[in-house]
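Dear colleague,

I am handing over a structure for you to look at, and my notes on what was found in it follow below. Please keep the model open while you read them.

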Amino acid sequence: MPKPKTRKKAVYTPPQKSQEVKISPRWLAPTMVVSWIIGILWIAVYYVAPTAPLIGSLTNWNLLIGFVFIIFGVVLSTRWR
């Protein structure tokens, strides 16, 4: 009569994940929102008043500056928990 087959190794159990909830720093959300607002306002002011002091001398670089602020806000939003 053949012997019954038994497992030599225990069944795989995945490691337990920590129950600790990650929390964002308090400065993250306000910085993210302010960055978006500055970026949108920078682009809007450039289109409304392209000859304003400081903005007029930068010409099309204003678009890049506005989009950098917006992208910075998006990058910060990936860190928000």
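With a relative accessibility of 58%, Tyr47 counts as exposed, whereas Tyr46, at 13%, counts as buried (buried means under 20% relative accessible area, exposed over 50% and partly exposed in between, with a 1.4 Å probe and protein chains only). The structure holds one aromatic pair, and because the rings of Tyr46 and Tyr47 have centres 5.6 Å apart and planes at 50°, this pair is tilted (rings of Phe, Tyr and Trp, the last by its six-membered ring, pair if their centres lie within 6.5 Å, with planes under 30 degrees apart stacked, over 60 edge-to-face and the rest tilted).

Please note that this is a predicted model, in which local features need pLDDT of at least 70 and side-chain atom pairs count only at pLDDT 80 or more, while totals for chains, interfaces and linings use all residues. Residues are numbered from 1 along each chain as its sequence is written, and side-chain values use heavy atoms, leaving out hydrogens and water.

Ser35 is found in helix H1 (helices are DSSP runs of H or I with at least four residues, numbered from the N terminus), and at 3% relative accessibility Ser35 counts as buried. Apart from neighbours within four places in sequence, Ser35 is in contact with Phe69, Ile70, Phe72 and Gly73, where contact means heavy atoms within 4.5 Å.

Among the residues of H1 that meet H2 are Ser35, Tyr46 and Tyr47.

Best wishes

Note on methods
Helices (H or I, at least four residues) and strands (E, at least two) are DSSP runs, numbered from the N terminus.
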